[in-house]
Amino acid sequence: HSYYIETNPHSKRVMILLHGYTRAYPMSMQFTDFYIEQGFNLLAIDQRAHGQSEGKYTSYGYYEKYDVDCWVDWIRGQIGSDTLIGLHGISLGGGTALEYLHINEHAKFIIADCSYSDLSELIRYQIRYLYKAPTFIFYHTIGLFVKIFARFSLSDVRPIQAVAKSDLPILFIHGNRDRFIPTYMSEKLYEAKQKGLKRLYIAEGA
């Protein structure tokens with residue numbers, strides 16, 4: 001499920017907006033005015049298992065990257081193969097956008113806002129520092145449930161691997177007070193990217 005917002009009908013620029021975990025397309029609406037002013041049309045999607053889209057489980061980008069690929073194909077079919085396509089993702093959306101780099105052929109740039117660099121590392125961090133629980137027991141329990149029900153492995157989702165191989169322009173954004181996804185993950189993503197244009201913006205106090 002998605003909303004296509006076409007306020008620039010003659011434009012060949014489309015930004016795909018990817019919301020965060022447990023949210024839906026309205027989370028992305030805060031960016032619409034900015035992109036419209038830049039001449040973009042917008043595709044605000046509900047990721048699988050969110051909003052009005054189907055599915056029971058999120059896979060943090062593992063399967064979602066193929067959903068994004070379908071949306072990219074839809075844009076190219078509707079607007080044209082020469083459309084300039086960008087991805088802007090927050091949190092889960094940022095992880096999805098960066099995972100998409102594994103299969104990307106047509107997106108031209110990415111804005112990754114407070115993305116995780118490695119899902120296994122993130123889950124261990126959250127167990128240890130957010131929930132103050134024994135890491136070994138809970139991590140392997142979560143991993144087992146993920147494998148049985150969502151049918152992927154936590155270790156399958158490592159956006160940092162995709163970033164390290166990509167020459168696509170990427171802007172990394174993170175708040176320096178983020179405790180849910182630690183700021184150092186965007187810093188690691190920035191350092192891992194060795195090819196192509198990159199920028200890192202750390203928002204003080206956010």
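**View 1. Helix α4 (residues 119–130) alongside helix α7 (residues 184–192).** The axes of these two helices come within 12 Å and cross at roughly 160°; axes here are lines fitted to C-alpha atoms, over the stretch in contact for helices, with angles from 0 to 180 degrees between N-to-C directions. That makes α4 and α7 roughly antiparallel, because the angle is over 145 degrees. This is a predicted model, where local features need pLDDT of at least 70, side-chain atom pairs count only at pLDDT 80 or more, and totals for chains, interfaces and linings use all residues. Residues are numbered from 1 along each chain as its sequence is written, and side-chain values use heavy atoms, leaving out hydrogens and water.

**View 2. Where α4 meets α7.** On the α4 side you'll find E121, L122 and Y125, and they meet Y184, M185 and K188 of α7 (contact means heavy atoms within 4.5 Å). Sorted by class, that's 4 nonpolar, no polar and 2 charged residues.

**View 3. The buried side of α4.** Look for L119, S120, L122, I123, Y125, Q126 and I127, which are buried (under 20% relative accessible area, 1.4 Å probe, protein chains only). Their cover includes α5 (135–150) and α7.

**View 4. A49 in its loop.** A49 sits between β3 (41–45) and α2 (64–79). Its phi is near 70°, a positive value in a residue other than glycine.

**View 5. R151 in its loop.** R151 lies between α5 and α6 (159–165). Phi of R151 is also positive, near 60°, and this residue is exposed (over 50%), with a relative accessible area of 62%.

Notes. Helices (H or I, at least four residues) and strands (E, at least two) are DSSP runs, numbered from the N terminus. Angles under 35 degrees count as roughly parallel, over 145 as roughly antiparallel, 65 to 115 as roughly perpendicular and the rest as oblique. Ala, Val, Leu, Ile, Met, Phe, Trp, Tyr, Cys and Pro count as nonpolar, Asp, Glu, Lys and Arg as charged, and the others, Gly among them, as polar.
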